[in-house]
Amino acid sequence: MSVAINGLPATAAPGAVLSGPGVNLVCTNVSATTAATNATCTAAAGTPAGATVSVGACVASSGSAASLPAGATLTCPLTVTMPGTAGGTNTTQTSVGIDAATSATNDNVTGNNTTSATVALIDAVTDSLTTPFATAATLNVLTNDQATGITGATPANVTVTQTVAPTAGSTFNPATGDFSVPNTAPPGVYTVSYQICTNPAVIPAACDTATATITVGAAADMSVAINGLPATAAPGAVLSGPGVNLVCTNVCHDRSDQRNLYRSRWHPSGRDRICWRLRGQQR
């Protein structure tokens with residue numbers, strides 16, 4: 001008896017169910033003269049682990065599994081469910097193995113009784129980046145994505161498409177995978193959703209989706225006041241002393257609660273600026 005696994009793609013998406021016409025086990029009685037007695041045809045998850053494997057009812061091309069004629073086959077539908085969940089979560093596995101075996105009571109040639117197959121995972125993984133206000137930033141969405149079992153997808157091994165347009169003020173380049181905000185982007189959260197598919201394509205299609213996020217930090221809001229100067233002064237007068245000063249204030253609005261104001265001043269050392277919340281006076 002010999003065994004073959006047929007119809008599995010080289011790469012599949014997380015959670016994909018691989019089954020249907022052509023996805024099967026074929027166990028063949030390769031003897032030229034003798035029927036195989038009590039022939040079996042089975043499959044299970046192999047190494048690397050992670051797949052869920054099931055085998056349907058086998059059909060003999062002639063005879064039956066109890067007595068499989070020379071040259072006859074057992075064809076068994078195969079279903080392989082890939083690990084993980086599509087849509088941006090990280091799937092630990094980079095590939096999975098499927099093992100198949102056949103036997104017969106009177107089979108004394110065991111070297112061809114087993115075989116195995118490997119299916120790689122394509123995996124788009126959610127990305128995030130935070131950048132200070134007035135600082136341009138670029139995030140390449142492919143860096144942590146996985147294609148053909150390798151982390152670090154590239155435009156050479158995946159095709160990237162935009163599934164949800166980037167937030168206004170940001171840009172996405174599917175040709176490179178670069179998601180960017182300029183240094184003029186207002187504070188806030190910018191997102192884009194995208195899909196990667198194996199390149200070259202496989203059947204069934206192996207694709208996954210994810211969302212990339214860039215957060216632009218809050219902006220300061222400085223105001224200035226001149227205090228303590230009189231309306232009129234004499235020629236040569238030196239105007240200084242207590243109360244004669246500049247006060248520069250960072251009103252520093254919190255975008256999540258416009259009632260929370262912040263004020264800043266320079267530490268006497270001249271090195272550090274202190275910013276504290278007026279509401280509650282929290283440092």
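Predicted model: local features only at pLDDT ≥ 70, side-chain atom pairs only at ≥ 80, totals over all residues.
Student: Why is N38 called partly exposed?
Tutor: Buried means under 20% relative accessible area, exposed over 50%, and partly exposed in between (1.4 Å probe, protein chains only). N38 has 45% relative accessibility, so it counts as partly exposed. N38 is found in the loop between β5 (36-37) and β6 (40-45); strands are DSSP runs of E, at least two residues, numbered from the N terminus.

Student: What does N38 touch, leaving out residues up to four places away in sequence?
Tutor: Contact means heavy atoms within 4.5 Å. On that basis N38 touches A65, A66, S103, A104 and T105.

Student: Why does T213 count as buried?
Tutor: T213 has 18% relative accessibility, and therefore counts as buried. T213 lies in strand β21, and residues up to four places away in sequence aside, its contacts include D127, L139, F179 and T191.

Student: How do you know that β20 and β21 pair?
Tutor: Two strands pair if DSSP finds at least two bridges between them. Strand β20 (residues 188-198) and strand β21 (residues 207-216) are joined by 10 bridges and run antiparallel. T191 stands opposite T213 in β21.

Student: What makes β13 and β17 edge strands?
Tutor: The order in this open sheet of 4 strands is β13-β21-β20-β17, with mixed pairing. β13 (127-131) and β17 (158-164) each have a single partner strand, so one side of each has no neighbour in the sheet.

Student: Which strands does β19 pair with, and by how many bridges?
Tutor: Strand β14 (residues 137-140) is joined to strand β19 (residues 178-181) by 4 bridges, antiparallel, and A137 has V181 as its bridge partner in β19. Strand β18 (residues 171-173) is joined to β19 by 3 bridges, also antiparallel. In the hairpin of β18 and β19, with 4 residues between the strands, G177 takes a positive phi near 85°.

Student: How many residues of each class line the largest pocket?
Tutor: Ala, Val, Leu, Ile, Met, Phe, Trp, Tyr, Cys and Pro count as nonpolar, Asp, Glu, Lys and Arg as charged, and the others, Gly among them, as polar. By that division the lining has 6 nonpolar, 6 polar and 1 charged residues.

Key: Residues numbered from 1 in each chain as written. Heavy atoms only, no water.
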